Structures are given as C-alpha cells and as structure tokens.
Amino acid sequence: MTSYGATLHSIGHSTHSIEAFIDLLEEKQITAIADVRSTPYSRRQPQFNRDTLKRSLSDHGIAYVFLGYELGGRGSGWSAQMEHGRVSYRCIAESPAFREGLRRVRAGSERMRLSLMCTEREPLRCHRGILISRYLEAQAVQVSHIHADGRLETHQEAEQRLLRLTGLYEPDLFRTEDEVLAEAYARQEA
C-alpha cells in the first residue's frame, strides 16, 4: 500500500463557462491551478486562454502557474520524440523538464490546495490522467480528479476504471498487477 504525502487534484476545463469552472474549484477549495496544456489557448473556449484565465482566477483568489513546457502532453525538445506517429509519453516522462515539473507540482501541493488543469473533461483521455497523475502517484502524491459534475475520483479508482475500459480487469495468472496496468496505460495512450 502506498503511503501518501501531498495531495492534489486534476480538472479539465472542457466546455464549462468560467463561472461554472470557478464554482467547481471553489467547491473543492482549490487555491492554485497548474496549467499543464502545451498550448494554453482555445479558440472555442476563449475564457480559458492563458491571460484571461489567469485574471479570472486571480479575481477569485486562485493562483495560476503555467507548466505546459514541463508537463504538457506534446513534450518539449527531445522529449517530443514520436513513436508510431504519436508523441511518446514514455519519452516525455524521461525528460529532465518533466521531472522538474513534477518536483514543482509536489512542492506546490505541500503549500496550497493545487489542481492540475488541462482541456479534456475525462482524465483517462488526457495526459494529466494517463501520464502526470501516474508518475505523481508513484512518488506518493495522491491525485483526485474533479469531474464535470463535481464528483471526485481518486486516481486509484480511475486506474480500476481504466482496466475495465481496456478489457484488462480480470486477474492475469502470468503477469503482475503492475504489468497489466502498464499495458492498460499503453493501450489508452495509443
């Protein structure tokens, strides 16, 4: 059983109005947002463009930091290597920038009630759920995902859901639980 130190949240801005988004954050008492989008802009949801969002959050006493360079799903520099025509999350996770981003998130989560933020509503369809949260949990940081309806789901619960979604929920006689979960993550990433 993992012994947890810090705790943090994750949320996708999705198609929320800025008011509904801030209501979700305030309901969960979030005091800081770490924006992990590689490109912090949206044509369809301009209320979530970096500067606009930062001002809106500030008006409600919520701090904002951009960590898309370190923790973005498109990687940076050499970490953006492609495998089979897609950015490799494994390469991103091995990069010094990613490790530094995780360090900053861990440090921030010890001082504030922090939430990672990306675009996708569903954490299992987003790198914040299948890349960042996975590595934070391995470092004894408990992650809870805030869903659009305000429901919280621990990352451990999300992993169980991932196993069901990928058809790997049944026990495997020849592989460890970690090996089966690694396959589920690989399938979801693809």
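Let me begin with a definition: rings of Phe, Tyr and Trp pair if their centres lie within 6.5 Å, and planes over 60 degrees apart count as edge-to-face. Please bear in mind that the model is predicted. By this rule, the count comes to two aromatic pairs.

Phe21 belongs to helix H1, while Phe48 lies in the loop between strand E2 and helix H2, so the contact ties together parts that are 27 residues apart in sequence. Phe21 is buried, at 0% relative accessible area, and Phe48 is also buried, at 0%.

Phe98 and Tyr135 form an edge-to-face pair as well, at 5.7 Å centre to centre and 85° between the planes. Here Phe98 comes from helix H5 and Tyr135 from helix H6, so parts 37 residues apart in sequence are tied together. Phe98 is buried, with a relative accessible area of 0%, whereas Tyr135, at 29%, is partly exposed.

A ring can also face a charge. The charged end of Arg164 sits over the ring of Tyr169, 5.2 Å from the ring centre.

I turn now to the cysteines. How many disulfides does the structure hold? The number is zero. A disulfide requires two cysteine sulfur atoms within 2.5 Å. The sulfur of Cys118 has its closest cysteine sulfur in Cys126, 3.6 Å away, which is too far for a bond. Cys118 is buried at 8% relative accessibility, and Cys126 is buried at 2%.

Note on methods:
Residues are numbered from 1 along each chain as its sequence is written. This is a predicted model: local features need pLDDT of at least 70, side-chain atom pairs count only at pLDDT 80 or more; totals for chains, interfaces and linings use all residues. Side-chain values use heavy atoms; hydrogens and water are left out. Buried means under 20% relative accessible area, exposed over 50%, partly exposed in between (1.4 Å probe, protein chains only). Rings of Phe, Tyr and Trp (its six-membered ring) pair if their centres lie within 6.5 Å; planes under 30 degrees apart count as stacked, over 60 as edge-to-face and the rest as tilted. Helices (H or I, at least four residues) and strands (E, at least two) are DSSP runs, numbered from the N terminus. A charge sits over a ring if NZ of Lys or CZ of Arg is within 6 Å of the ring centre and within 35 degrees of the ring normal.
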